[in-house]
Amino acid sequence: MSTCLYCTNEAHSVEHPLPAAFGEFQDAPLLEDRVCTPCNNKRLGLLDQQLSRCGPESVFRRFFDVQGRPTHEKVNPHYRGSAGGHRLEMKSYDTEMGVEVELEILPGGEVRQSRQLVVVESSGKTHHLPIPPNLRDPEKLRAAYSELGVMQPADIRLIYDPEELVWLEPLFKAAFPSMSFGDTGPGARNYQGAIVKLQLTDRYFRAIAKIGFHYFLTQFLGFTGSEPCFSAIRDFIITDDGGGLDHINEFIGERQNPLLGPMMCGARPDGWAGHVVCSEIRDELLAHVQLFVCEQYRAPVYTVRLAANQNSTIVCATGHIYKYFEEGLRGKFSGEARVLGVSHAAVEPSPLKPAIREP
């Protein structure tokens with residue numbers, strides 16, 4: 001047994017460089033016996049949770065109905081954040097109600113108004129309180145409402161589907177005994193456009209770095225990942241100290257040049273979706289990560305700086321595309337991983353943009 005890259009335990013697990021939350025892919029490269037089970041499932045698992053449930057990727061997981069393993073906890077990111085990341089806020093203006101409302105994406109891409117309280121103060125300030133389907137405790141509902149800090153008087157509206165009234169009415173009457181339900185029924189369902197608000201922590205970008213680092217190790221077998229040159233990237237990935245903008249930008253930048261087009265002879269997504277992960281040896285040891293490449297989304301390409309190249313005579317590159325099956329699951333597989341025909345450009349790439357930029 002080898003020693004874990006991130007602690008002193010024996011490494012005895014199989015790690016998916018592309019998190020299993022994005023589905024399992026046939027022929028995908030795996031990192032074996034480099035990470036111990038506790039680090040894999042817990043410390044690194046927190047990074048995967050925030051990436052898949054709180055970032056832009058969570059929107060597309062819902063849109064394309066991408067499922068993780070059956071043993072994974074099912075979380076609706078519109079109602080709950082994960083691993084320290086905030087829940088998704090997707091808002092639009094309801095033209096009939098005359099207020100801003102929250103929306104949610106259902107698995108498969110349909111959009112509806114979330115189950116929610118919409119509270120409008122006399123000043124016009126609007127609060128939204130999503131009601132998750134597992135909320136059955138009146139005290140928790142009262143506490144969540146108090147946290148809004150509503151200034152009275154206020155107009156309060158509850159948006160729900162008709163079949164949900166059977167559990168919503170007793171819940172609200174227990175939480176607010178003086179409350180009465182009107183006879184107008186569910187809220188309107190008329191809205192135009194939407195704005196999604198994402199709030200992430202450094203765990204999101206450390207997850208990107210982990211994907212790039214682990215993929216690199218599956219491609220260049222002359223490296224174990226335990227070399228001293230990788231000590232900084234290992235510390236960045238595993239250290240949960242909050243970091244900072246400069247610390248994140250030290251390891252991750254946004255690539256300005258297209259990643260996928262040259263490798264596929266200019267082909268573009270025409271109804272399919274997938275992920276692209278590449279590794280490269282230049283003056284630096286690099287990895288490139290582009291998640292949810294599709295027609296609907298111009299996905300950013302993140303470049304991970306892994307280490308300096310201590311053998312400058314070696315120049316090479318590898319890549320895989322993780323492409324979803326257009327017809328859906330085939331057994332346990334969501335898609336297949338294909339090797340990309342990559343080439344190393346003689347010209348220097350454009351400088352990277354910082355992954356995080358000051359507003």
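Entry 1: I began with strand β9 (residues 116-121), which pairs with β11 in the antiparallel sense over six bridges. I took helices (H or I, at least four residues) and strands (E, at least two) as DSSP runs, numbered from the N terminus. Two strands pair if DSSP finds at least two bridges between them. V120 stands opposite D155 in β11. Before going further I noted that this is a predicted model, where local features need pLDDT of at least 70, side-chain atom pairs count only at pLDDT 80 or more, and totals for chains, interfaces and linings use all residues. Residues are numbered from 1 along each chain as its sequence is written, and side-chain values use heavy atoms, with hydrogens and water left out.

I then looked up the sheet itself: three strands in the order β10-β9-β11, open, with antiparallel pairing. β10 (126-130) and β11 (154-159) stand at the edges with a single partner strand each, so one side of each is left without a neighbour in the sheet. From one strand to the next the twist averages 15°. Helix α3 (residues 138-147) packs on this sheet and touches β9, β10 and β11; contact here means heavy atoms within 4.5 Å. The direction of α3 makes about 155° with that of β10. For such angles, axes are lines fitted to C-alpha atoms (for helices over the stretch in contact), and angles run from 0 to 180 degrees between N-to-C directions.

**Entry 2: the eight-stranded sheet.** I read the strand order as β4-β18-β17-β14-β15-β16-β13-β19, in an open sheet with mixed pairing. Its edges are β4 (24-26) and β19 (353-354), each with a single partner strand, so one side of each has no neighbour in the sheet. Strands β17 (residues 316-324) and β18 (residues 333-339) run antiparallel and are joined by five bridges. K323 has E336 in β18 as its bridge partner.

Is strand β16 buried or exposed? Five of the seven residues of β16 (residues 302-308) are buried, so the strand is largely enclosed by the rest of the structure. I used buried for under 20% relative accessible area, exposed for over 50%, and partly exposed for in between (1.4 Å probe, protein chains only).

Entry 3: Strand β6 (residues 89-94) is joined to β7 by four bridges and runs antiparallel to it; Y93 has E100 as its bridge partner. In the hairpin of β6 and β7, four residues lie between the strands, and G98 takes a positive phi near 75°.

With strand β8 (residues 111-113), β7 pairs in the antiparallel sense over three bridges, and E104 stands opposite R112. The hairpin of β7 and β8 has five residues between the strands, with G108 in the turn at a positive phi of about 105°.

**Entry 4: α2 and α1.** What do the buried residues of α2 pack against? I found α1 (37-54), β7 (99-105), β12, α5 and β15 (284-293). Helix α2 (residues 56-63) is mostly covered, with seven of its eight residues buried. F60 and R61 are among them. After α2 comes D65, whose phi is positive, near 55°.

In helix α1 I looked up G45, which is buried, with a relative accessible area of 10%. G45 and P19 are 26 residues apart in sequence and 8.8 Å apart in space, C-alpha to C-alpha.

**Entry 5: the whole chain.** I counted seven helices and 19 strands. Buried residues make up 48% of the 359 residues. The C-alpha atoms fill a box of roughly 75 × 45 × 45 Å, taken along the principal axes. Among contacts between residues at least 6 apart in sequence, 67% join residues at least 24 apart.
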